[in-house]
Amino acid sequence: LPQPNPSTEEMFLSRRLLKVIPVPEFTTGRSAQRVNMANEDRARFFYWNLISIGITALPIVYLCSGRHHFSKEDYETLRRYD
């Protein structure tokens, strides 16, 4: 069945309805932000990275300190090489 052609007035009205889109209001200040899980996730990620850097740095600091000889034989072998 053929569709009836809409009148120009109906077409103009439909175009106006499509053009009117409400613009949402966004907050820009940090104090006005919503409390959401993204902030908690960001904090967890930051502290997890901080802890992993610390755990990685512990053996490096220990090895750089120069006090990693475990027995008297270590001192004897070092003295022999000198």
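**Exercise 1. Determine how Arg44 and Asp41 are placed relative to each other, and which salt bridges involve Arg44.**

Step 1. Arg44 and Asp41 both belong to helix H2, three residues apart, which is about one turn of the helix. Helices (H or I, at least four residues) and strands (E, at least two) are DSSP runs, numbered from the N terminus. The model is predicted: local features need pLDDT of at least 70 and side-chain atom pairs pLDDT 80 or more, whereas totals for chains, interfaces and linings use all residues. Residues are numbered from 1 along each chain as its sequence is written, and side-chain values use heavy atoms, with hydrogens and water left out.

Step 2. A salt bridge requires a side-chain nitrogen of Lys or Arg within 4 Å of a carboxyl oxygen of Asp or Glu.

Step 3. Glu40 and Arg44 are four residues apart in helix H2 (residues 37–65), so about one helical turn separates them. Side chains of opposite charge can pair when their charged atoms come close.

Step 4. The count comes to two salt bridges, and Glu40, Asp41 and Arg44 are linked in a network.

**Exercise 2. Classify Glu40, Asp41 and Arg44 by accessibility.**

Step 1. Buried means under 20% relative accessible area, exposed over 50%, and partly exposed in between (1.4 Å probe, protein chains only).

Step 2. Arg44, at 54%, is exposed. Glu40 is partly exposed at 38%, and Asp41 is partly exposed at 41%.

**Exercise 3. Describe the nonpolar surface patch and the aromatic pair.**

Step 1. Patches are made of residues with over 30% relative accessible area and no salt bridge; like charges are joined within 9 Å, and nonpolar side chains (Val, Leu, Ile, Met, Phe, Trp, Tyr) within 5 Å. Phe46, Tyr47 and Leu50 make a nonpolar patch of about 340 Å². Accessible areas come from the Shrake-Rupley method with a 1.4 Å probe; for residues, only the protein chains shown count as cover.

Step 2. Phe46 lies in helix H2 and is partly exposed, at 48% relative accessibility.

Step 3. Rings of Phe, Tyr and Trp (its six-membered ring) pair if their centres lie within 6.5 Å; planes under 30 degrees apart are stacked, over 60 edge-to-face, and the rest tilted. The structure holds one aromatic pair. The ring centres of Phe46 and Tyr47 are 5.2 Å apart and the planes stand at 70 degrees, so this pair is edge-to-face.

**Exercise 4. Summarise the fold, surface and confidence of the protein chain.**

Step 1. The chain has three helices and zero strands, in the pattern α-α-α.

Step 2. Of its 82 residues, 0% count as buried. The accessible surface is about 9000 Å², 63% of which belongs to carbon and sulfur atoms.

Step 3. The mean pLDDT (the predictor's confidence in each residue, from 0 to 100) is 77, and 60% of the residues score at least 70. Confidence is lowest in helix H1 (residues 8–19), at a mean of 66, and highest in H2, at 90. Where pLDDT is low, the predicted coordinates should not be read in detail.
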